[in-house]
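Biologist: I would like to go through the labels on this model one at a time. Please back each label with a value and a cut-off.

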Amino acid sequence: MLLKFIFDKSASLIGLLLLWPVLLVVALLIRVKMPGGPVLFTQLRVGRHGQTFRIYKFRTMTVGHGGSSVSVKGESRITPLGARLRRWKLDELPELWNVLRGDMSFVGPRPDVPGYADQLQGDDRRMLLLRPGITGPATLKYRNEEELLASVADPIRYNDEVIFPDKVRLNLYYLDHYSFLKDLQIIVCTVLGKKMSYAGEEI
């Protein structure tokens, strides 16, 4: 995966250099529209080989909400500005810094809080061989995850019993059938909001 490593480093650096005006505007909007809290949201996530790292995102929630790690569309803890940032994925732009640092990749499993990927057993634990990603096949399939969780009676249970196991399946397929060209296709589909064929299904 040398090509993937080179792409991650170069593209994240170029992205930060080109997108700094957007980062600055979003930071100013958060400071004005969501006062009383930090611009950036940081949290420990599980990375490659089960090692934790600190992820950087733009804050989209109220301060001190004390809610679940599973987000549902329409929650009161998500601010109006935060909802817009989430819709356009602008809250994830600071993760370019995580990619440049080597904590993350552009494509891979989304990094979970401790208690999920680090608790995998048996063959499923191979998923930890992957560096977490900003996007990935599971991210594409569950691009409307917050809306889906809002439609079920018990979002946490549905996530734990249905969504997370399916994400593990997709990420293991990604590990076993890695292709740099597929990485590029996943990135393009993420940016354009398009679907693609992957692992025998449309995601």
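Modeller: What follows takes salt bridges, strands, rings and a helix in turn.

Modeller: Keep in mind that this is a predicted model.

Biologist: What makes Glu-146 and Arg-86 a salt bridge?

Modeller: The closest N and O atoms are 2.2 Å apart. The cut-off is 4 Å between a side-chain nitrogen of Lys or Arg and a carboxyl oxygen of Asp or Glu. The pair therefore counts as a salt bridge. The structure holds 13 salt bridges.

Biologist: Why do you say that this pair ties parts of the chain together?

Modeller: Glu-146 lies in helix α5, residues 145-150, and Arg-86 lies in helix α2, residues 80-87. The pair ties together parts that are 60 residues apart in sequence.

Biologist: Why is Arg-86 called buried?

Modeller: Arg-86 has a relative accessible area of 18%. Buried means under 20%, so Arg-86 qualifies.

Biologist: Which salt bridges does Asp-166 make with Lys-141 and Arg-169?

Modeller: Asp-166 meets Lys-141 at 2.7 Å, N to O. That pair links distant parts of the chain, with Asp-166 in helix α6 (residues 155-176) and Lys-141 in helix α4 (residues 137-141), 25 residues apart. Asp-166 also meets Arg-169 at 2.7 Å, N to O. Asp-166 and Arg-169 are three residues apart in helix α6, so about one helical turn separates them.

Biologist: What does helix geometry say about such a spacing?

Modeller: An α-helix has 3.6 residues a turn, so residues three or four places apart point the same way.

Biologist: How do you know whether Asp-166, Lys-141 and Arg-169 are buried or partly exposed?

Modeller: Asp-166 has 14% relative accessibility and counts as buried. Lys-141, at 28%, counts as partly exposed. Arg-169 has a relative accessible area of 38% and is partly exposed. Salt bridges that share partners join Lys-141, Asp-166, Arg-169 and Glu-201 into one network.

Biologist: What makes β1 and β2 a pair of strands?

Modeller: Seven bridges join β1 (residues 40-46) to β2 (residues 52-58). At least two are needed, so the strands pair. They run antiparallel. Leu-44 has Arg-54 in β2 as its bridge partner. The two strands form a hairpin with five residues between them, and His-49 in the turn has a positive phi of about 60°.

Biologist: Why are the rings of Tyr-116 and Phe-164 called edge-to-face?

Modeller: Their centres are 5.2 Å apart and their planes are at 65°. Pairing needs centres within 6.5 Å, and planes over 60 degrees apart count as edge-to-face. Tyr-116 sits in the loop between β3 (105-107) and β4 (133-135), and Phe-164 in helix α6, 48 residues apart. Tyr-116 and Phe-164 are buried. Ring pairs also link Phe-7, Phe-106 and Phe-180 into a cluster.

Biologist: How do you know that the span of α7 is close to what is expected?

Modeller: Helix α7 (residues 180-192) has 13 residues and reaches 19 Å from its first C-alpha to its last. The expected value is 18 Å, at 1.5 Å a residue.

Biologist: Which residues of α7 are buried, and what do they pack against?

Modeller: Phe-180, Asp-183, Ile-186, Ile-187 and Cys-189 are buried. The buried residues of α7 pack against α1 (2-33), β3, β4, α4 and α6.

Biologist: What lies at the start of α7, and what follows the helix?

Modeller: At the start, a side-chain oxygen of Ser-179 reaches to within 3.3 Å of the backbone nitrogen of Leu-181. Gly-193 follows α7, with a positive phi near 70°.

Key:
Residues are numbered from 1 along each chain as its sequence is written. This is a predicted model: local features need pLDDT of at least 70, side-chain atom pairs count only at pLDDT 80 or more; totals for chains, interfaces and linings use all residues. Side-chain values use heavy atoms; hydrogens and water are left out. Helices (H or I, at least four residues) and strands (E, at least two) are DSSP runs, numbered from the N terminus. Buried means under 20% relative accessible area, exposed over 50%, partly exposed in between (1.4 Å probe, protein chains only). Rings of Phe, Tyr and Trp (its six-membered ring) pair if their centres lie within 6.5 Å; planes under 30 degrees apart count as stacked, over 60 as edge-to-face and the rest as tilted. The expected span of a helix is 1.5 Å times one less than its number of residues. Contact means heavy atoms within 4.5 Å. A polar contact is a pair of N or O atoms within 3.5 Å; within protein, one must be able to donate a hydrogen and the other to accept it, and residues adjacent in sequence count only if both atoms are side-chain atoms.
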